[in-house]
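Work through the exercises below with the sequence and the coordinates at hand. Each task is followed by its solution.

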Amino acid sequence: MDKGREKRKGSVKQAAGSGNGEAGRRKRRGGCGWLFGVTAGAVLFGIGAARGELTVIWQKAVMICMECIGIG
């Protein structure tokens, strides 16, 4: 009867992954997801710059900064 109990405990331990140090670790899958994110960000940045939104955002940032230091 003790052997059956030990066998169950061992299988639960292996299923949880606590015995071999893999608990909580993510396995790598090849990962080109970051490349998609960088590309999408660059494309959207380019579209915004082409529409002239970059100058509007820069002007607002300068005004906020001047208000923070008390000049504007």
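A residue counts as exposed when its relative accessible area is over 50%, as buried when that area is under 20%, and as partly exposed in between. The model used here is predicted.

**Exercise 1.** Find the salt bridge formed by Glu-53, and classify both residues by accessibility.

Solution. A salt bridge needs a side-chain nitrogen of Lys or Arg within 4 Å of a carboxyl oxygen of Asp or Glu. The partner of Glu-53 is Arg-51, with 3.3 Å between the closest N and O atoms. The count by this rule is one salt bridge. Arg-51 has 65% relative accessibility and therefore counts as exposed. Glu-53, at 33%, is partly exposed.

**Exercise 2.** State which elements the chain has, then compare the span of H3 with the expected span.

Solution. The chain contains three helices and zero strands, in the order α-α-α from the N terminus. H3 covers residues 53-69. Its 17 residues reach 25 Å from the first C-alpha to the last, close to the expected 24 Å. Just after H3, Gly-70 has a positive phi of about 90 degrees.

**Exercise 3.** Identify the nonpolar surface patch that includes Met-63, and classify Met-63 by accessibility.

Solution. The patch consists of Trp-58, Val-62, Met-63, Met-66, Ile-69 and Ile-71, which together have about 640 Å² of accessible area. Met-63 lies in H3. Its relative accessibility is 43%, so Met-63 is partly exposed.

**Exercise 4.** Describe the surface of the chain as a whole.

Solution. The accessible surface is about 7,100 Å², and carbon and sulfur atoms account for 62% of that area. Of the 72 residues in the chain, 3% are buried.

Technical notes
Residues numbered from 1 in each chain as written. Predicted model: local features only at pLDDT ≥ 70, side-chain atom pairs only at ≥ 80, totals over all residues. Heavy atoms only, no water. Patch = residues over 30% accessible without salt bridge, like charges linked within 9 Å, V, L, I, M, F, W, Y side chains within 5 Å. Areas by Shrake-Rupley, 256 points an atom, 1.4 Å probe, with all protein chains shown as cover. Helix = DSSP H or I, 4+ residues; strand = E, 2+ residues; numbered from the N terminus. Buried < 20%, exposed > 50% of the residue type's maximum accessible area, 1.4 Å probe, protein only. Expected span 1.5 Å × (residues − 1).
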